[in-house]
Each structure stands twice: as structure tokens, then as C-alpha cells.
Amino acid sequence: MRTVDHHRSVYDRYFGHERVTVIEPQSGWRLVDWNELWAYRELLYVLTMRDIKVRYKQTVLGFAWAIIQPFMMMVVFSVFFGRLANMPSDGFPYPIFVYAALLPWTFFANSITSSANSLVGSANLVSKVYFPRLIIPLSSVGSGLVDFAIAGGILLLLMVYYGVGWTFNLLMVPILVAGATFTALGVGTFLSALNVAYRDFRYVVPFLVQFWMFATPVVYPASLIPTQWQWALYLNPMAGVIEGFRSAFLGRPFDVPGMLVSLAIAGILFAAGIAYFSKVERRFADII
């Protein structure tokens, strides 16, 4: 925020030389104001808990839905791609091979879908009171981390069931989660800002997610891509994240150059999405 002091205002003529402070959002391109976000951290927590409660309110299975979605997708993919199509899985059982990819992908897909619609869904809040608008898509992504943690526990149990040992590669999981989170925030905040001005973008998001999944090695290994085109695969930030998750949970060697490229692209998407969101957020209350 910036403050503008109007020394010669209407108040000067009637009440003397009193200073009036007008709170206005900054204009132009900028990144995150971390101090402002920290000042509103309690609101971020409240909105995150609200999203979690609304998601599972009046549901029979409750938090079990966090497990059912990736688990049922694993079953379907294992039948059609693992058995019928005989998709290679780098020597690992196909169910755990695909579940290790579905874990970050489900988090990413749900995060950008919910954050893309988050501002429109909170229109009454946005139009009535000032707070950093970035908190709304942030809370949508933050609530998805709860589902991710629950589904991650199932993957650890699947590793025991299939005889895949736990290794020190698991220490890389927080970095990979950060990569998926930054990618989801960058894309989600960008789409949420577009959705405020152009409501038909909510119809584009499902197609975007579906196309992005098949452009990412979720149901197939990255080794299927010819070596000369591997560099193009890792320009997709989720490709490096998902291959990194497989290496972390299945104990494979990490493709460090590919992961670094994908994490760098994730950082660029995050910066670009936040910058665009910050540039147009001053108009949200007027057009939402």
C-alpha cells in the first residue's frame, strides 16, 4: 500500500490544517509484499480453514475423499494403461509408479482449479473490505496441502506393501512440494485474475488441466521421450517435479539437470503470475 497526504483538502477549509491519509494500492508491476502478507497471516489461516471445512462439510466420507480421488485414478490407470496398454514403469509395479505421480499432480490440478475460481467465489468479501487479495488464492492452494499430506501417507503404506524401501531420497520431498506449490500459485493466481475480468475462463481451466496432464509424465515414464527431446519435456515445470517425486519415493537416481530446469521454470511462472495479479488487483472490487 502507499499513502497520499492531502494537505489542502476539504478538511482544511472547515476543520483547519488536518492531514488526511488515503490508502491506495500501488500501481504498476510488482511482486509480493511479504510484510503486508505477514500482517494478514491470521486472515490467511482463517480462509484456509474455511476452505477445508467447506470442502468436507456435510460429506459422508469427509477427509477420505483426499485418498479416494488419487487411489481410484491409480486403479483406473493401472487397468487401462498398466495392463491393457502394457505401459512401461521403469521396472516398478505400475500402481505405485503411477500413484507417485498422481500424488503431486492431484494437488497441482486441484490447486489451480480452486484458486482460479477463488476470487469470484469470494466476491462479497473482496468488494467490502481491504486486505491483500493474494491471500484468497493462497488459501485455496494452502488447503490442498492438507489433502496432499493425507494422500502422501497412503503412498508410504503402498511402498511397504510393494516392498519398496524408504531411502534418504525422501528428504527431497519438501523441495519438490515447494516446486509444485510455486507452479500452482503462479498459474492459479494468473487464472484467478483473468477469471474476474473474463468469466468464461472458468470453462477453460478444466481443458487446460486435462491437456497439461497428458503433456506431463503421469501415466508414462519420462524415459519414453526420445533423448534429443528430453530438454523440451522439462520445460514443463510439473515434469521435473513428478519425475523427482518418483525418484524420491521409489529410490531412483535423481535427474538433477531436468529437475533444476523445471524448478527454474516454476519460479518464473510464480513471479509472472504474481506480478500480473498485483498489477490488476486494484480493479477487482470494481468489476468482480
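Trainee: In which element of the protein chain is confidence lowest, and in which is it highest?
Mentor: Strand β1 (residues 2-6) has the lowest confidence, with a mean of 43, and α12 has the highest, at 93. The score is pLDDT, the predictor's confidence in each residue, from 0 to 100. Helices (H or I, at least four residues) and strands (E, at least two) are DSSP runs, numbered from the N terminus. This is a predicted model, in which local features need pLDDT of at least 70 and side-chain atom pairs count only at pLDDT 80 or more, while totals for chains, interfaces and linings use all residues. Residues are numbered from 1 along each chain as its sequence is written, and side-chain values use heavy atoms, with hydrogens and water left out.

Trainee: What is the mean pLDDT of the chain, and where does pLDDT stay under 50?
Mentor: The chain mean is 82, and 86% of the residues reach 70 or more. Over residues 1-15 pLDDT stays under 50, and the model has 30 contacts beyond four places in sequence for that stretch. Contact means heavy atoms within 4.5 Å. Where pLDDT is low, the predicted coordinates should not be read in detail.

Trainee: Why are α12 and α13 called oblique to each other?
Mentor: Helix α12 (residues 237-250) packs on helix α13 (residues 256-280) at about 135°, with the axes 7 Å apart. Axes are lines fitted to C-alpha atoms, for helices over the stretch in contact, and angles run from 0 to 180 degrees between N-to-C directions. Under 35 degrees counts as roughly parallel, over 145 as roughly antiparallel, 65 to 115 as roughly perpendicular and the rest as oblique. The α12 and α13 pair is therefore oblique.

Trainee: Which residues of α12 make the contact with α13, and how many of the contact residues are charged?
Mentor: From α12 they are Pro237, Ala239, Gly240, Val241 and Gly244, meeting residues of α13 including Met259 and Leu263. By class, the contact has eight nonpolar, four polar and no charged residues. Ala, Val, Leu, Ile, Met, Phe, Trp, Tyr, Cys and Pro count as nonpolar, Asp, Glu, Lys and Arg as charged, and the others, Gly among them, as polar.

Trainee: What makes α5 and α12 oblique?
Mentor: Their axes cross at roughly 135° and come within 9 Å, and the pair is therefore oblique. Among the residues that meet are Phe97 and Trp105 in α5, and Phe245 and Arg246 in α12. By class, this contact has 15 nonpolar, no polar and one charged residues.

Trainee: What makes Arg252 and Asp90 a salt bridge?
Mentor: A salt bridge is a side-chain nitrogen of Lys or Arg within 4 Å of a carboxyl oxygen of Asp or Glu. For Arg252 and Asp90 the N to O value is 2.7 Å. Arg252 lies in the loop between α12 and α13, and Asp90 in the loop between α4 (65-84) and α5 (94-116), 162 residues apart. The whole structure has four salt bridges.
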